[in-house]
Every structure is written in structure tokens, then in C-alpha cells.
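Have the sequence and the 3D view open side by side while reading.

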Amino acid sequence: MDILLGSIASGILLGMVLSLVALGLTIIFGLMDIVNFAHGEFLMIGMYTGLLTAQATGMDPLFTLPVAAAIGFLLGIVCYGGFVKYLLRGPMIAQLLGTFGLMLVLRNIALLFFGSEDRALHHGLLVGKSFDIGMGIIISATKLAVAVLAVLAFGGIWLLMNRTRLGKALTATALNRQGARYMGIPTERMNALAWGIGGATVTVAGALIVNFWSVNPYVGLVFTMIAFTVVALGGFGSVPGAFFAGLVVGFIMEIPGFWDFFAITFDIGWMADVPMTSFKYTWIYVAYFVIMLISPRGLFGWKH
Amino acid sequence: MEALKSALDFSDFPRIDRVTALAAAALLFAFPLFPHSAFAMATMIQFLMFSLYGMGWNTIGGYGGQVDLGKAQYVGIGAYTTMVCLLRWDIPFWVSMPLGACFSVAWSFLIGYPLFKLKGHYFAIATIATSLVLKDLFEVWKFVGAARGLGILPFKYQTPDFLRLIFKEDVYYYYVLLGFFIVGLLYMNCFRKSRLGFQLRSIKDNEEVARSLGINVHWAKIKTYAIATAFVSVVGSFHAVYIKNIEPEDTMSLDISILIALMAMLGGAGSLWGPIIGAGVLIPLKSYLKEWLGAAAGLVGIDLIIYGLIIMIISAFEPRGLWGIVEKIRRRRRV
Amino acid sequence: MALLEVRNLVKAFGGLKANDDVSLALEPGELVGLIGPNGAGKTTLFNCIAGSFPPTSGRILFAGEDVTSLGAPEMARRGLARTFQVYVAAGDLNVIENVMVGCFLHTRSQSRARARAEGILADLGLRHLQSSLVSELPVAAQKRVTMATALATEPKLLLLDEVAAGLNPSEIEDIMAGIRHIHAGLGITVMLIEHVMELVMNVSQRVIVLDYGKKIAEGPPHDVARDPQVIKAYLGERYVRERTTDPS
């Protein structure tokens, strides 16, 4: 039983972080219809930022978030102004392959600088500690803290989008670019801003994730696919959608845990033989496919 | 019969194109006769392989305008079918290759039907998803060697073996592949002028108009996807007997899918020569970059950085690819 | 037997009825105009007939068969062709290639498709433009290319959607001649949506008028032009009173 509850708890916590990962992607997509293959690489950069800042300054990893946010913001704006801006003029295939090229470049620059070995955090306020919330469920303290911070960050972005003038300008541009222009909204700057905010969001998510997930230059792709699935489920362009979808996808990633639970509890031999852990990500891809076929708009999407 | 005539008819290209193509073909035939390094030969074989991959992709991705980033799964199906057939039952290449193509095409129809209900980015990501799922499956499937893959031990066979396509010397592979290349090119020439080719181009232009002209859009896309799949699968089978060692990570990864799409896109998606030009530029570049830079101590990954930058530059500034530049210049000259 | 019959067609988008209980019939060989103020539901009607989307209720019969729920490709196969008002081209196909796409509906052979396309282009005076990209042509030529493409599918009924929009008077003359040729010369039944009155009133044998989704008048052009309902729809009440007091 505790395995099941443990899996559920894990899924929820992970889900909240995944929501944050996907948030940046959905903001960018909502605004300018471009799918960023390099999204996962931004996350990877965030992870390294969190790790290295913590190691260099001795600060607890959880306090490195502002650094990550700043770097992410800058990276987003630079990528937009120096590259993505030009991509938007071309056909879709160019956009897809273009951000893929960006992914290759970022990934291999990281490889060049950091080498290919896994790196993980080994000390910090909460690393390695966990608490027992009763019924035998053990929650890792970092995961909990991370989840809380993710929700806070999410809430912050939501407030930004809905309660500030800036956020409303962004939403207006997403809904009707021409109209926004007539209203005097500088749409070019909105684009750059979206990339900045999107970039910052995902690097912060990375800095959070590195607390319990080790990093190497190749982690980007998997997270990109996860982010796509979350966004597809939640609806391309929808902020609340990203939140709920993140939770669902967090659960999906815990399927191996549930599988084991069933195998052990009901003593089903053949189930235990299936190497479910190898399929941790496969379910994500299957989920994407199934979601797109059943409901291309996702749960809350307004863009198709 | 008409199809054959059409395949051989390049008359809608200006004379200079036809002459250049013939000259290039002659060079390709003559290449092994000149002194060359083993590395150069290997690069040329890669060039031919990726031209073929690119040509296949070009049907659905170029003429059809549907960006497919999941072709690697068919490389895998083709390669593994041939490999397994050879290792377990000693089935010759000329049987296992069509068999692999059949499996690939069957799979393509199965996933094509739902896939083509999607469009644009959603479609592209879905193709990635399906390819990765298949790769993950192959990585745990013991029958195909799981993550370690399968390998042929060439000394077990009497080479040159034309039935099983096992040779010790690359030059045999080269000429067999060149044969495939010519056939593939002629097929593409026929395709772009065929009914399906025109239907696809109309679909790419404007789907609603295409429908009003009696075209069943969904079905046309699925058919074309199957053709692309067959191309890729055939070359995949070849890959198995040539490289003699296959594993999911290098035959079915996303990088391979992207590479395939890139050939046509760089050279000019939707044109006959595009994939060949693209492969002609990218493959030597990739090989030589890797040779000179990648292996150099401490500089791991620089070749890929340069590679990525090239992709970025082309995407941002010349999305119609190299052939697109040629056409632009020609059109300006005409006016 | 009527070639096209529309019975009590209703097409609603959410709460808005774009077509409200429209009925009409076209005999083979007719040339009928469909007019009405902007937003009257003309293109929606075309879309329903052509199979772009199904009507909310009502029936459509083509050559005696119920085609209400059939899609556009099926309708094309049965002999119904149409042009589109706004043609957004990706610019990849040139003129003759465009027309060949239509030809491929009834033949698999490239050579036959090409030959037929050349014939159609010659018929509409477009041969000299056959290798140009459609997007590079002036508007008048583009419109004729869309007509040629539709003709390539060997239709029994051709729906023309505002083919004269944006043309100057001499171009309108040319297109009128083209339409007359298609109708009288090729024997194709034609229904056209038009705002350019000289065109529609001069070529049509019969005119149908829509307003706010409903059919408000039908008859020979001359009569329809004087119909107070029609005048009211286009010009407003004032003009109705003035017109009916006009002695001529």
C-alpha cells in the first residue's frame, strides 16, 4: 500500500515541476505558434546553472533560483532576437528544423564545457532528507520543497499574465496580433518578452529539478518530449491547462511504480518480469499520440 | 509503360541541368576507379545512402509538405528484418529486404491513418513520438538483441556474397547502392509527374482547393507516407549488411530522423535534386568535420555545433534550401 | 429532372443561421446568378452544395441523387466543380500544373492530363501563361486559372464564386465572354455568386436573391432588379419608395 501511496505522492510532486517546465513552452507557443525543440536544452542549462551556482557559492541550491531565472531570461531574449525572429518568416519545416539546430548547438556547447558525465547535487538544506507523513509514505524533502516552489513560480506567472498590464498585453498579442498592434502594443517586444519569460520559467524549473535529478548534456530531449506532451494535454497556449496536465503527466511517469505495486500486491509473476523502468518515457510518447488523436485541443486549449 | 517513359524523361529541366546530372552520374560511376582512401569510399557510400533516405522523405515531406521527423523507425524495421533473417534463418538480402519493406509499409499504414489526422507541428511531434516508442521497444526486445543490437561476423561468409550482400570490400557495396540510387532517382522523377505527385503538390498548396478537385487528401497522404517508408526501409536493410552492426541507438534515434529530413530540407525540399544536393553537401561535411574536429582531444562535439549552426542558418535565411536559391536566381534572370 | 435541387436548406453556425430555409432548383444548361448583400449567406450556400461542410438540415440532390452529406471530393467526382473567392497559393505549382491536378480526377495518364490541360488553357486564352507561377499573375488571369482548374474536372455544374471581384471593366468583359463560352460553348450548367451587377445581370438567365440567409426573390434579371424586396435589401427602404414611383 505504501508503495502505491508513495508513487502517487511522487507523481503529484513531479507533476508540479513538470507543469512549470511546460509553462514556458505553452506561453511561447500561444504567442507565436512556434514549437521550440530546444526547450529541453534550456532546462538542461537551468540544471547546470543551479548546480554550478550552488557549488561555487556554497549557497543552498534552492537559493540559486534568481540566478537561473536571470540566465534563462537572457538566453530566451537572445535566442529570439538573434535567431527565432528570422525563423518566423519561413515555412514551418524551417521553424522545426531551426529550433532543432539550436538544440544541437546548445547541447554540444554544454558537452564541450561540462563533459558527458552525470552530475548531481550532494549537499544542500534538504538534499537526501525525507519525511514520513504517516501511513508509511516517505516523501523526499527536496521533492516537496521543489514542488512547493514550482507551484509558487507557476502562481507568479499566472498573476503576471492575468493581473498585470504586461501580461494582458502578452495575452492580447497572442489572441490577435494585428489588433494588438493597432492598440499600440509593440508586438516584436512582446515576442522577445515571451521568450524571455518562457526561458526564465524553464531554467528555474531546471534549477529546481537538479535537486533530485542528475544532469548531463543529454537530458534535454526527454524533457522536451515531456513538455510537449504536457502542453498537448493541457492545450497549446493555456496556462491553467499546463498546470493540470503537468499533474497528469507526473502520474504517467509513475506508471512503473504503479505497475510494481500491482505486481507485488497481487503477486502477479509475469508483471514483475517486464522491465517497466525502461519504459518510463515510452508512456509519455504514447500519451502524446493518444491525446492528440482524442482531443487535439487538449483540456483547455484555444489554439488549434 | 508510361511510367517508365516518364521516369526517363527529364525534359522539363533546362539543358544545363541535364548535362550536369549526366556528368555527375558519370563521375559517380567512375569514382571507384580513381585512387581513393577507404574513408572517401565510406563517405561516398554514406552520401548515396542519405540521398536515398532524403529522396524518400522528400515525397511526403517535400512535395507533400508534411514534416515527418520519425523516419528512423523504418530504418530500424528494415535493418532489423534483414539482420534477423540473415542471422537466424540465413535468408538472403534480396528476400529480407522486400520483407522488411512490407513490414515497414504495413506499420506505416497502421500509424499513418491516425497520424494524418494531425497537421503541422502536432503531426511532426507525433511522428517523433511514434519513432521513439518503437526505439524503446527495440531496446528491450530480446529477440532483436535489445540495446546491444545484433552483428554479422563477416568471416563466417564466403565473400563476395551477392545473395546475402556481404562483401569484404566496400566497392561492391558502392556499386550495388549506386544501382539503388539510380532506380530511386528514376522513381522520384516519375513520382513528381504522376497523379499522386500532382495531388500531393496540390494538397500542399491548399487543402481545401485540392479537395474540391476530387482529391481524397487523407488517403493521398497515407499512400505517400508508405512510399517514403519503403525507400527508407530498403536503405535500412542495406545499412544492416553494410555496417554489419546495428543497435537501436544508432539506427533508430531521433538524430537519424532529423538527419534524413535535413537532407531534403537543405538541398531543397519538394524538388528532384534537392535531397541529392543536400546529401552531397552535408554528408562530406559531417564526415570530415568529425574526422578533423571531433576526434581532436577535448573538442568533443564541435562538429555537431558547426552542424547545428548550419541548420540554424539555413532555416532562418534560406528555408527553400540550396535548390531554392538556384530557382530564385533563374526566375530573376527570366524577368 | 433538375440537375441540382436544394430543399429547405438550413446552415447554422452556433446561433446564427447563415442559410435559413433556402430552396432552389437548377435545370441542366441553365446559367443562374446568386446575389445578395454581404453576409447574405451566398458562399455558405455554395459551401453546403459543394460539400465543404454539411448543412444543419435540409436536403441537396444532384442529378437526382441525395448528396447532402457527401464531402467535396465526392461531389467533384460526381460532376460538381467550384472556384474559391480567396485563393491563397503556396506558389509551388505553375498554371498548367494547376489545371493538370483537375485533369487527374478522370485520368491516371500524365500525357492525357497534360494534353487536356493544354486544351482547356487554349480555350480560355491562357496558353501563353502556362509556365508562369499562379502567384505571379495579375488578378484577372488568376481568376481565369481558377476557372480553368475547375473545368478540368469535367463538371456538369460549375459554381463560380465572385470571379469578377477586383477586375476592371475590360477584364469584366473578358470574363463575361469566358463564362458565356463555358455555358453555351461547353454546355456546362453554371451558377455564379456576384457583386458586380453588370456581369450577373447580363449573363444570367435567372437570378436568385438571398438576404440574411433567406431567399427573397427569384426570376429573370430584369424583374429581380425591380423587385421592391431586393431594392430594400441592397439600398434600404428609402429607395424602394423612390423606385416604385419611377415611371420607366
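In this predicted model, helix α6 of chain A, residues 165-175, packs against helix α8 of chain A, residues 187-209. Two packed helices are described by the angle between their axes and by the distance between those axes. Here the angle is about 105° and the axes are 10 Å apart. An angle from 65 to 115 degrees counts as roughly perpendicular, so α6(A) is roughly perpendicular to α8(A).

Which residues make the contact? On the side of α6(A) they are A:Ala169, A:Leu170 and A:Thr173. On the side of α8(A) they are A:Thr187, A:Met190, A:Leu193 and A:Ala194.

Now step back to chain A as a whole. Both of these helices belong to a chain with 13 helices and two strands. Chain A has 304 residues, and 53% of them count as buried.

Chain B comes next. It contains 15 helices and two strands. Its radius of gyration is 20 Å, and the globule rule gives 20 Å for 335 residues; the two values are close, so chain B is as compact as a globular protein of that length. The C-alpha trace of chain B spans about 60 × 50 × 45 Å along its principal axes. Of the 335 residues in chain B, 51% are buried. Among the contacts in chain B with a separation of 6 or more, residues 24 or more positions apart account for 74%.

That leaves chain C to describe. What does chain C contain in the way of helices and strands? It has ten helices and ten strands. The radius of gyration of chain C is 18 Å, close to the 18 Å from the globule rule for 248 residues, and therefore chain C is as compact as a globular protein of that length. Taken along the principal axes, the C-alpha atoms of chain C fill a box of roughly 60 × 40 × 35 Å. Buried residues make up 43% of the 248 residues in chain C. For contacts in chain C between residues at least 6 apart in sequence, 63% join residues at least 24 apart.

Notes:
Residues are numbered from 1 along each chain as its sequence is written. Chains are lettered from A and ligands numbered from 1 in the order in which they are written. This is a predicted model: local features need pLDDT of at least 70, side-chain atom pairs count only at pLDDT 80 or more; totals for chains, interfaces and linings use all residues. Helices (H or I, at least four residues) and strands (E, at least two) are DSSP runs, numbered from the N terminus. A residue is buried if 20 or more other C-beta atoms lie within 10 Å of its own, exposed if 12 or fewer, and partly exposed in between; C-beta atoms are placed from the backbone. The radius of gyration is taken over C-alpha atoms; the globule rule is 2.2 Å times the number of residues to the power 0.38. Two residues are in contact if their C-beta atoms, placed from the backbone, lie within 7 Å. Axes are lines fitted to C-alpha atoms, for helices over the stretch in contact, and angles run from 0 to 180 degrees between N-to-C directions. Angles under 35 degrees count as roughly parallel, over 145 as roughly antiparallel, 65 to 115 as roughly perpendicular and the rest as oblique.
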